[in-house]
Amino acid sequence: MNQPTWQPGNSPAEQTALQAAGQPGSPAERQAARPAQPAQPEQAAMSHEQAREELSALMDGELNEQERRSLYWHVRSCEACQSYLKELMELRAALSEPEEVRVPAGFARSVMERLREERSAADFAERWESSLHPKREKQTTRSRLGRWAAWGACAAAVLLMLTAALRMNGGGRTADSAMVRGDSAPAAAAGSGIAEAKQEAAEAETPAAPMAKQTAEESARLPDDYAAEAAGDEADAGGGTALRMAGAAQETAENGAAAYGAGETAPSAAEADSGAAASTAPAGSNGTDGVAAEGPEAVLLGEGAADWLVRNGWQGESGDWYADAAALRELPDGLSLQAPLPSLWSGPVRVETGEARR
Amino acid sequence: MEEMEEKELIERCRQGDESAFEALIRLHEKRVYALCRRMCRREEDAMEAAQDAFLALWRGIGGYREDAAFSTWLYRLTVNACLDLLRREKRRGDELSLDGVDERLRDPLPGPEEAAERSETARLVREAMLSLPPDYRQVLLLRETEQLSYAEIEEITGLAAGTVKSRLSRARLALRNYLAASGNFFGRGASNRSEKQGKEAERQ
């Protein structure tokens, strides 16, 4: 085991250095002469910056024997570093002054409070999501058919409404702008009409069946007739038109699904209606039910989600974060939304980042 | 509930037992809150960060594995909660700085209770600590206040070996410079000498 030799000037490296310097060794000159390749590690000269770092680690008891020797070799002849070490010790003493920190009363309870708040907010967000985007649960072929049929009927219904609105407004404004402004009665009435139909379908199971059936039966007409009829209708008949269209959607769903079980088709009718509500309700609509009133929310998943949100979104007054729907549809690799945005939505979306629920 | 061993409490938390969670909070709140209090300038921030840390614990308890020390994990959650909060506060401060100085980021005037609590030295040291960047503050606190080893700090912060060592040294140097500049902090008379020598040494 190598014994440390503390007598200056007797190591081979030092001899070489001294010869190079051409003078008998003095403390300052010994420090100045730095051998390029130290013969033994503990003889390597140390810069002051490095010495400070070593002193810091020495205080923490994190130096091994070799490192301690190296350090000693430098510090023994360096007053600046000796003073620095003293200061580090004083610093430590100052930091160890026990600072009395009292935990605020009721802290544990405040954490539980927040836990409950977050949970109820999460529940609400989930219910909102599922009302816009029906979960893909196990479906029988029949009800799936029924749903597609209902969507198809819905699309037709939407087209009809557009046509109707166009004719009613005499072509001066586009149907879209009429809807977006929300001041056109048909749009508003349609919104509430459809919402009504949806509500009725969603709430009741068995009761909805006969009701939907009734609505469907009331309007035995084919879609083509609606356009002609709507053209001549007063504005506030739009609600009735919507109801009938919703009824027509349900009727088709009925036909698509062989068995009209209230449990099966009522939800699909509700989904069809919610689809209609989502696609026809304009941004910031004055729908009476508040379904479309607040705007959608989204959950952003993936590493770097928070960073993306900070860069591409903004923070509202409540502390919630928002991003533009357009931006959310063009996410970089690695990021994704837990559920797709409503297809016609453009505008701000409240965004949360997080782990996928379930 | 609190007499139960920590292990059992953790297991119950995994099963969603909220009362076990509350007991776990009470077991560790002092340490967590104290660390947050030293990391954050404002008491409200310390409170929020401490809550965040425990909520993160609850959310992540399913993924916690027994082989890692529980305290190490809790430390990690705590420092991350503090760093996240400080980052958020800084951003908010940047936004507000367009309109004017954000009052919240200013030094809060010490209330009578605060003043009584702390000696002048302690207050000065706290200010020095808060002048450090959060990344440096955290390693210094973990080392000095929590008495953790370099290896433990590396595990908690995820920093590479050697980084903790150099970061601690730089934090101490910064602290030392701050305190030296603020007056007669270091040993009477000796501080002037070491200042001069330090400057000479640096020139070499």
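These legends go with a few close-up views of a predicted model. Local features need pLDDT of at least 70 and side-chain atom pairs count only at pLDDT 80 or more, while totals for chains, interfaces and linings use all residues. Residues are numbered from 1 along each chain as its sequence is written, chains are lettered from A in the order in which they are written, and side-chain values use heavy atoms, with hydrogens and water left out.

**View 1. Chain A and its burial.** Chain A carries 15 helices and five strands (DSSP runs: H or I of at least four residues for helices, E of at least two for strands). Of its 358 residues, 38% are buried, meaning under 20% relative accessible area with a 1.4 Å probe, protein chains only.

**View 2. Helix 8 against helix 9 in chain B.** Helix 8 (residues 150-157) and helix 9 (residues 163-181) of chain B pack at about 100°, axes 10 Å apart; the axes are lines fitted to C-alpha atoms over the stretch in contact, and angles run from 0 to 180 degrees between N-to-C directions. So helix 8 of chain B sits roughly perpendicular to helix 9 of chain B (65 to 115 degrees). Helix 8 of chain B brings B:Tyr150, B:Ile153 and B:Glu154 to the contact, and helix 9 of chain B brings B:Val164, B:Lys165, B:Leu168 and B:Arg172 (heavy atoms within 4.5 Å).

**View 3. Cysteines without bonds.** Over all chains there are zero disulfides (cysteine sulfur pairs within 2.5 Å). For A:Cys78, the nearest cysteine sulfur belongs to A:Cys81, 3.6 Å away. A:Cys78 is buried, at 5% relative accessible area.

**View 4. B:Cys36.** The closest cysteine sulfur to that of B:Cys36 is in B:Cys82, 3.6 Å off and too far for a bond. B:Cys36 is buried too, at 0%.

Terms used. Buried < 20%, exposed > 50% of the residue type's maximum accessible area, 1.4 Å probe, protein only. Parallel < 35°, antiparallel > 145°, perpendicular 65-115°, else oblique.
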